[in-house]
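Let's go through this model by question and answer. Keep the sequence and the 3D view open.

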Amino acid sequence: SSTDITDASERNKLQLAAEHAQVGRRNIHATILLSLKSHLDMKEPSRENNPSAASDGALDDTTGWRALETNLHALASYVDGCVGKNGGDGSYVNEEAALFDSADTDENGWFLTGLQHCCVVHVNRHVRAAAAAVLGVLIKSCMRSRDPSHEDLLVEEDSPFRLVLKETLKGTLADNWSQVRMAGSVLGRRFVQALLKIYKSRNGDDEDGEDEDLTVFESAAG
């Protein structure tokens, strides 16, 4: 009937639109990662080698860092809004698991080590806070996944992701800027809550709490 034909046509249009949307979001993600990696490859000065202190350097530590902070905010927003390829149950880690479990020498090793560098070493305090926010939503992604192997990224002592979280918490919680300490505190809270939830789930208490309305990204961004 004409109604069936119309319905089929509408379904095809919706399917095509969904496929185009997926291509678009993947292109956005690729652009963010490419820009982030290019900024990290610039080897910008660390807190121990800050040209701002020189007479010909910047007079503060809030300028001159190009789009690095923007890249981190964009990545945090992308990760937090990622619900899987089919728009259903899923998360960023389902699509990008290799980024979470890569050692320094691996092809994707720059990702976690780069985020740790931004959190602990980078001279700009806004970059340090933004990078901590990214790690927070990555934790949230592991919990959204509902895959025990992704939960192990937070639990296993030798997990590259967990090791980066530990070093980042050490650095951010000892930072001289309250803005960064706040970001580290929010990250620590997210990490501990995730570990408690995993422990309860694996010991028979399978209550399924909702994600917090206020994300790590929003809290750290102020």
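Q: Is the crossing of α6 and α8 left-handed or right-handed?
A: In this predicted model, helix α6 covers residues 125-145 and helix α8 covers residues 160-173. The two pack with their axes 11 Å apart, at an angle of about 145°. Their crossing is left-handed.

Q: Which residues of α6 and α8 make the contact?
A: Both helices contribute side by side to this contact list. From α8 come Phe161, Val164, Leu165 and Thr168. From α6 come Leu135, Leu138, Ile139 and Cys142.

Q: How do the residues of the contact of α6 with α8 divide into nonpolar, polar and charged?
A: Thr168 of α8 is among the contact residues, and threonine counts as polar. The division is seven nonpolar, one polar and no charged.

Q: At what angle do α7 and α8 pack?
A: Helix α7 spans residues 148-155. Its crossing with α8 is right-handed. The axes lie 6 Å apart, and the angle is about 35°.

Q: How many residues of the contact of α7 with α8 are charged?
A: The contact is made by Leu153, Leu154 and Val155 of α7, and by Phe161, Arg162 and Leu165 of α8. The residues divide into five nonpolar and no polar, and the charged count is one.

Q: Is Cys142 buried or exposed?
A: Cys142 is one of the α6 residues in the contact with α8. The cut-off for buried is under 20% relative accessible area. Cys142 has 0%, so it counts as buried.

Q: What is the relative accessible area of Cys119?
A: Under 20% counts as buried. Cys119 falls in that class, at a value of 0%.

Q: Which residue has its backbone nitrogen 2.8 Å from a polar atom of the Ser141 side chain?
A: Ser141 sits in helix α6. Ser141 is buried, with a relative accessible area of 1%. Leaving out residues up to four places away in sequence, Ser141 touches Val79, Ser91, Tyr92, Val93 and Phe100. The backbone nitrogen at 2.8 Å belongs to Val93.

Q: Is Asn108 buried, partly exposed or exposed?
A: Asn108 lies in the loop between α4 (97-100) and α5 (109-120). The relative accessible area of Asn108 is 24%, so it is partly exposed.

Q: How far apart are the C-alpha atoms of Asn108 and Ala98?
A: Asn108 touches Ala98, Leu99 and Ser102, not counting residues up to four places away in sequence. Asn108 and Ala98 are ten residues apart along the chain. Their C-alpha atoms are separated by 6.9 Å.

Q: How many helices and strands are there in the protein?
A: The pattern along the sequence reads α-α-α-α-α-α-α-α-α-α. The counts are ten helices and zero strands.

Q: What share of contacts between residues at least 6 apart in sequence join residues at least 24 apart?
A: The protein has 222 residues, and 41% of them count as buried. For contacts between residues at least 6 apart, the share joining residues at least 24 apart is 68%.

Key. Residues are numbered from 1 along each chain as its sequence is written. This is a predicted model: local features need pLDDT of at least 70, side-chain atom pairs count only at pLDDT 80 or more; totals for chains, interfaces and linings use all residues. Side-chain values use heavy atoms; hydrogens and water are left out. Axes are lines fitted to C-alpha atoms, for helices over the stretch in contact, and angles run from 0 to 180 degrees between N-to-C directions. Helices (H or I, at least four residues) and strands (E, at least two) are DSSP runs, numbered from the N terminus. A crossing is left-handed if the near helix is turned anticlockwise from the far one by less than a right angle, and right-handed if clockwise. Contact means heavy atoms within 4.5 Å. Buried means under 20% relative accessible area, exposed over 50%, partly exposed in between (1.4 Å probe, protein chains only). A polar contact is a pair of N or O atoms within 3.5 Å; within protein, one must be able to donate a hydrogen and the other to accept it, and residues adjacent in sequence count only if both atoms are side-chain atoms.
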